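Visitor: Could you walk me through how this fold is put together? I'd like to go sheet by sheet and then look at the helices.

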Amino acid sequence: MDSLNLLLENYHLYQDNRLNDRFFKHSDLIQVLDSVRELPGFHLREAGFSAEKRSINLISWGTGPCKIFLWSQMHGDEATATMAIADLLLFLSDTEEFRELRESINKNCTLFILPMVNPDGAEVFNRRNALGIDINRDFIHQQSPEGRLLRSLRDEINPHFGFNLHDQTTAWSAGNTGNPATISLLAPAYDQELNVNTVRANAMKVIVIMNSALQESIPEHVGRFNDEHEPRAFGDNFQGAGTSTILIEAGGYHNDLEKQFIRKMFFKAMLSGILSIAGKTYSDVKTEDYFTIPENKKLHFDILLRNCKLQRNGISYTQDIGLTLDQKINDDRRSVTYSYIVADLGDLSDYFGYEELNCEFLSITETRKIELEEVADVIIYEGTNILLSIENGVVN
Ligand SMILES: [Zn+2]
């Protein structure tokens with residue numbers, strides 16, 4: 001087993017339990033940062049402030065010439081990457097295990113890490129910042145203090161590589177594999193023509209290595225995002241400015257709503273990328289291999305009920321029912337309430353579900369009429385046994 005996989009086997013050494021769900025706040029992150037602040041090799045700096053005056057902190061580590069800039073949680077409710085960064089900090093601060101991995105990074109690279117770009121959004125578990133701005137659409141207008149900071153830091157550091165770290169909806173699938181895209185990767189385009197220069201090609205090559213590492217742990221659960229150019233986004237512009245930029249998105253995985261397994265895969269994605277940059281192993285890769293990663297498609301429901309026999313107005317008919325799990329943040333801002341919503345109806349034979357039930361020989365009771373975009377309220381029976389009961393959106 002190679003040392004990266006061995007590290008994954010020993011992940012408990014580095015999983016930072018101070019951030020153990022998606023709802024941690026700026027004050028929790030500060031605790032994590034305080035624990036590395038005084039350690040040898042780490043440099044911390046209050047780089048700027050959010051609209052509500054929360055600090056945004058830049059950590060640097062390493063002595064090598066290749067500069068890598070990582071930033072997370074531009075979208076306040078996309079917390080997976082910040083958890084993985086906390087784990088990365090624990091890994092970097094270890095002095096015992098896996099020394100050769102750290103030495104390779106330390107000698108060849110300097111990491112610049114900016115976790116939780118949007119602390120005000122994280123405070124209320126919201127995508128946007130306190131001014132209602134989507135920071136990742138603010139590269140050009142520069143109306144958010146967070147976006148101004150991120151852009152100025154790139155200009156100041158002028159990194160060779162950038163990692164733009166996000167979460168995506170769990171509805172994304174890894175092409176037609178039938179699996180969710182647990183991790184999605186993209187080397188964003190720097191122009192409308194989707195040209196590939198050396199800067200973008202290097203990002204693609206690193207992604208090929210990251211994908212290979214992920215395939216060992218989660219085969220066929222990796223997707224490649226569509227590379228349509230978004231002129232307002234940071235990744236696209238950083239690529240254009242000469243930083244080989246890699247987007248990593250955390251998606252869904254079976255039975256992992258709180259994303260604690262996904263966080264580990266996210267860590268593996270980041271670290272395999274960093275290691276390939278440190279060892280320059282990406283330089284042997286062909287860019288064409290990037291395009292063999294299946295393109296993301298939105299094909300996943302949380303529950304897919306196939307072949308449901310229904311009756312309405314005296315007409316019998318069969319249809320598939322796709323349910324998605326809607327989440328609403330509770331007043332405590334530290335938990336969500338889930339409810340199943342009817343997301344689609346009809347022939348969904350090309351779609352997939354995290355849970356699937358073939359209802360061909362089952363009977364279904366609509367406690368409330370099944371209607372698009374309404375809360376699901378159904379009971380499914382096999383004979384007189386209840387197989388699935390969803391009451392007012394909640395599984396009993
Ligand atoms: Zn995002």
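Visitor: In what order do the strands of the open sheet of four strands come?

Guide: This is a predicted model, where local features need pLDDT of at least 70, side-chain atom pairs count only at pLDDT 80 or more, and totals for chains, interfaces and linings use all residues. Residues are numbered from 1 along each chain as its sequence is written, and side-chain values use heavy atoms, leaving out hydrogens and water. Strands here are DSSP runs of E, at least two residues, and helices are runs of H or I, at least four residues, numbered from the N terminus; two strands pair if DSSP finds at least two bridges between them. With mixed pairing, the order is β13-β12-β11-β14.

Visitor: Which are the edge strands there?

Guide: Look for strands that pair on one side only. Going from one strand to the next, the twist averages 30°. The edges are β13 and β14 (352-358).

Visitor: How many bridges link β12 and β13?

Guide: β12 covers residues 315-329 and β13 covers residues 336-346, and the two pair in the antiparallel sense. Across that pairing, K328 faces T337 in β13. The count of bridges is ten.

Visitor: Which residue in the hairpin of β12 and β13 takes a positive phi?

Guide: Six residues sit between the two strands of this hairpin. The one with a positive phi, near 60°, is R333.

Visitor: What stands opposite L304 in β12?

Guide: Strand β11 (residues 300-312) pairs with β12 in the antiparallel sense over eight bridges. The residue across from L304 is G322.

Visitor: Is N307 buried or exposed, or partly exposed?

Guide: N307 lies in strand β11 and has a positive phi near 55° without being a glycine. Buried means under 20% relative accessible area and exposed over 50%, with partly exposed in between (1.4 Å probe, protein chains only). N307 has 26% relative accessibility, so this residue counts as partly exposed.

Visitor: Is K259 buried or exposed?

Guide: K259 is another non-glycine with a positive phi, about 65°, and belongs to the loop between β9 and α9. Its relative accessibility is 6%, so K259 counts as buried.

Visitor: Now the sheet of eight strands: which strands are at its edges?

Guide: This open sheet has mixed pairing and runs β1-β2-β4-β3-β5-β9-β7-β8. Each edge strand pairs on one side only, and these are β1 (42-49) and β8 (222-224).

Visitor: What is the bridge partner of L185 in β9?

Guide: Strand β7 (residues 183-186) runs antiparallel to strand β9 (residues 244-250), joined by four bridges. The partner of L185 is I248.

Visitor: At what angle does α4 run to β4?

Guide: Angles run from 0 to 180 degrees between N-to-C directions, with axes fitted to C-alpha atoms, for helices over the stretch in contact. Helix α4 (residues 99-108) lies across β2, β3 (66-72) and β4 (109-114). Its angle to β4 is about 95°.

Visitor: How are α3 and α9 oriented to each other?

Guide: The axes of α3 (residues 80-93) and α9 (residues 260-278) come within 9 Å and cross at roughly 60°. Angles under 35 degrees count as roughly parallel, over 145 as roughly antiparallel, 65 to 115 as roughly perpendicular and the rest as oblique. The two helices are therefore oblique.

Visitor: Which residues of α9 does α3 meet?

Guide: Contact means heavy atoms within 4.5 Å. From α3, the residues involved are T80, A81, M83, A84, I85, D87, L88 and F91. Their counterparts in α9 are Q260, I262, R263, F266, F267, M270, L271 and I274.
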